[in-house]
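Please find below a briefing on the structure shown here.

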Amino acid sequence: MTNQTLITLDGVGKVFLAEEMETHALSNINLSIVRGEYVAIAGPSGCGKTTLLSILGLLDSPTNGSYLLDGTPADNLTTGQRAQVRNEAIGFIFQAFNLIGDLTVYENVELPLTYRGTGAAERKERVQESLERVGLAHRTRHYPNQLSGGQQQRVAVARAMVGRPLILLADEPTGNLDSKSGGAVIGLLKELHDDGTTICMVTHDPRYAHVADRTVHMFDGQIVSEDQAQRHALEEAGFEVA
Amino acid sequence: MDGLARDIRLAARRLLKAPAFTLIAAGTLALGIGVNTAIFSVVDAVLLRDLPYDAPDELVTVWLDKTRREGPEREWLTPGDFEEYRSAPNLFAEIGAWGGINPTLTGVGEPQVVTAAAVTEGMFERVLKVEPAHGRGFLPEEDIPGGAAVVVLSHGFWQRNFGADPSVLGRTLSLNEVPAVVVGVMPEGFAPPFVPNAQVWTPIQLDPARCGFGCYTIRAIARMAPGISLDAARLGASRVAGRLEEEHPAENGKVGVSIFELQKDLVRPVERSLWVLFGAVALVLLIACTNVANLLLARSAAREGEFAMRVALGAGRASVLRQLLTESVLLAAIGGAAGVTLAAWATDALIAMAPGLAVPGLAEAGVDLRVLMFTAALTLGSGVLFGFVPALRASRPDIYARTRRGGPQGRLASSLVAVQIAMALVLLVGAGLLVRSFQQLSDAELGFDPEGVLTMTLALPGARYADSDSRISYYESLLDRLEREPGITSVGATSSLPLGGTDGDAEFRIEGEPPPDPTDPNKAWIRRVTGGYFPTVDLPLVAGRNFEDGDDARATRVVIVNETLARRYYGYPGRDPLGTRVTFGDGTDPNWRTIIGIARDTRHFAIRDGTRPAMYFPYAQVPATNMSIAIRTAGDPLNFAASARSAVSAVDAALAASTLAPMTDLVADALATDRFVTRLLSAFAVVALLLATVGLYGVVSYGASRRRQEMGIRVAMGATGRDIRRLVVRRGLGFALLGVGIGVVGAFTITGLLEALLYDVPATDVVTFAGTASVLVAVALLASWLPARKAGRVDPVLVLREE
């Protein structure tokens, strides 16, 4: 491992208990992401992509295995420490945008900085910068429901970026968008990556997965090879595979 | 019609399907409607319902107005005044006088003191227009000095003592050992506006020649001629008063006449209190309606999909509105029905809470048809009130688009909660002010110590105790006997117990000083006491000495004055009244009395009233037939009641004590109205606080649950549980502070109405306002903390996945 490695998952598993039934959402995940890398996590619905992203984003904890974020073990962090790491090191982009309806565009983008205790002047400067980056600096006073889906997702990208996180975690960022808007958002993420941002994006859309430097394929809670992934895809499509 | 029936069926089905919601909402409404119905039943019985006499609007009270003499606006009449008003042509259709008496009845079982009234002839038949059920009323020839002793019985007294025997007419009763023939029995339920619990009535037999314009001994009720307005009656009466001022300048100079509607005059002591309580329960109902409106808002938010579907299927706004209003009115009807049951119980509780509160009609208060009609209107009104806004929102034509679009929610609910808190604050401030006022009244320096003192009143029959010696002898024997009882530490007698409701005043002059202006005489309230009275009630002398055994009829006439008299007429302590002499009337009375002591002031008429000048005469020099006995005991005074009774009959077997009660009862009775209003308003304020707290909790809780996704997003952005809790609490506190702000302004405006009910507390008392606001903020904090704690534990993975 070099100091270029930002994320290291070693043998991570996640088991959900529901009505005394164990469901293995993730099994033996080994994954490294280096700084500046653009990783796509692809796979069919229910394969564990979002669970993996939740663990990477410290929204959830693995049942077993270890997780190093920027060289620091993330397994034994307290709730408060996890919140602090989420706030400072991670930027989230969700499929459903997840903007807060009662807050303006400006306030939505400002949100991570308020939890960090950033001063008002700096907050203003960074929010403005972020919104300019996504081309929505003129919409600061609008509410989310006054924007189109594509615009809302760009606001979400600005919010994810405003804290200058170590990594952007994007969960199906185009899932709720038409192809044009989806393309624009992917283009935006590409620009960010080109500027050095580390991105980990969950997607089941092969068009967008190919934009990434590397695609990690998942099936039934495990990382599988690209060949295996293609085999599973054919099987799912009803073809017999030798 | 068919549509309405379908709406009702559907509404009933929906309410049944949500039993928790129905129970909470209907229960809240039942509470609000119940207390309103209960208070309305009292307001209706006491304030709104006509007095049970023919043409009650024609009945008025007649008083002397002594305000120009710095006296009361409602002074009793003298027999002389009464005769003048009675004989004035075209003034009143009828006028009658009355006075309260408590004669001892003998010959019917054990001797007993009965509550009675002496009235002028025609008081029943022509003034009140109530005919006796049996026999007759008094004849003119019976109502003159020396007229035949006759008596009219109340229906209850007749039933209890004579088994409703019609042959009671013509029988002779002994009242104060004077034989009186029963001439009539009043109808069942008859309660005159004066001494409503009187058991017997006798003719008053006024003697203006004996006690003309000097004795303020009677009160009067008149019936105005039909068509004569109150103003016209006042004008006519004031002409008579003007003439009397000229004819009797000493007694009637600067004395006017006050005429008031009888009903208003009777309820005057409680009218404002009852309206205040009625206002308070109206606020409680509004708070309850707000709670239910918020519940409905939450429910209709959850049912937006259903309404959107109805609109999509072509339902018009009116039909959605009607369906929702049917639900709310049905809900109100359930609440109303439960409220009536609650009210029936609460009304009884209200009446039971008001012992010592002499209010006409109060005992008759109950849930009757009128009250039920009020409740029905209230229920319908409540149903529309709390149901209309949620229904209006839910039936908006853009519901379909709105449910798809989403957007900010809950502002209306938040505003309602703020209003609710404001109303609760107004009630709490009102209750707080009354509690503080009541505390001041309870802590007021009475000037005597009623604890451990038993009191009773005796009326010696004038015929057998005609001379001074026999009266003095009886009371001396009684006091001696009582004093020897184990556990009794001291005894004393007085003609007028403090806060006992009886007293009489007289004009006096000070030796060596010029006679006072007849229109501004020196006046003192006169009490006859034995020497043991002062130590028994712990009423200390601040100067001079107490009465001694030697202060009898043969000794120098002496008197003890109170501090107020010493200050007002002597400038005490600058000038010492001790050793100076006073006499009564115009100064021609040769019986000068030397002031030998100054007693501490006591609250004699009411705890609120300032002390008036008073003089204490030694009983042995001015004996009377009617005296109250004060007995200081070493334990619970009521434990000595039997000893006191047996002492009375041991000295004279034909006598009985009346109003045997601890002296603390006098104080309690004096505080009865204040206690009643304070307790009720406090109870309503607590209910309002609870409802507002539940309302706030509900809205914050519901708001937090609707914002779960937002909380999840915030957690994803780095918010800690503390940040989330703070967010929820801040929201709750925001409503509360807004409500407190509105409430403080409202309370400043409204508490002025309470001013007349407050004692020694300003209506804008800063302590009460600040304390109440703090309580509300603290409660709001608690009500917000519980949902905040839950929100702080939000699992972002779960809520974001729900999306």
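Strand S1 (residues 5-18) and strand S4 (residues 64-69) of chain A run antiparallel and are joined by five bridges. The model is predicted: local features need pLDDT of at least 70 and side-chain atom pairs count only at pLDDT 80 or more, whereas totals for chains, interfaces and linings use all residues. Residues are numbered from 1 along each chain as its sequence is written, while chains are lettered from A and ligands numbered from 1 in the order in which they are written.

**Sheet in chain A**
- Gly13(A) has Asn64(A) of S4(A) as its bridge partner.
- An open sheet of four strands has the order S2-S1-S4-S5 in chain A, with antiparallel pairing; strands are DSSP runs (E, at least two residues) and helices are DSSP runs (H or I, at least four), numbered from the N terminus.
- Strand S2 (21-34) and strand S5 (72-73) of chain A stand at the edges with a single partner strand each, so one side of each lacks a neighbour in the sheet; two strands pair if DSSP finds at least two bridges between them.

**Contact between chains A and B**
- In this interface, 22 residues of chain A are in contact with 18 residues of chain B, contact meaning that the C-beta atoms, placed from the backbone, lie within 7 Å.
- Helix H2 (79-89) and helix H3 (105-116) of chain A each supply at least two residues of the side of chain A that touches chain B.
- H2(A) gives the largest share of that side, six residues.

**Architecture of chain B**
- Chain B contains 23 helices and 23 strands, and its C-alpha atoms fill a box of roughly 105 × 60 × 55 Å along the principal axes.
- Its domains are domain 1 (1-54 + 277-407), domain 2 (76-254), domain 3 (411-443 + 672-803) and domain 4 (461-654); the bounds come from an automatic or database domain assignment.
- The centres of domain 3 and domain 4 of chain B, taken over C-alpha atoms, are separated by 55 Å.
- Of the 803 residues in chain B, 47% are buried (20 or more other C-beta atoms within 10 Å of the residue's own, with C-beta atoms placed from the backbone).
- Among contacts in chain B between residues at least 6 apart in sequence, 83% join residues at least 24 apart.

**Helix H18 of chain B**
- The buried residues of H18(B) (residues 663-670) are Met663(B), Leu666(B), Val667(B) and Ala670(B).
- These residues lie on the same side of H18(B), because they cover an arc of only 95° around the axis, the arc being that of the directions from the helix axis to the C-beta atoms.
- Strand S13 (453-459), strand S22 (626-633) and strand S23 (658-662) of chain B are among the elements that cover the buried residues of H18(B).

Definitions and conventions:
Buried ≥ 20, exposed ≤ 12 C-beta atoms within 10 Å, placed from the backbone. Contact = placed C-beta atoms within 7 Å.
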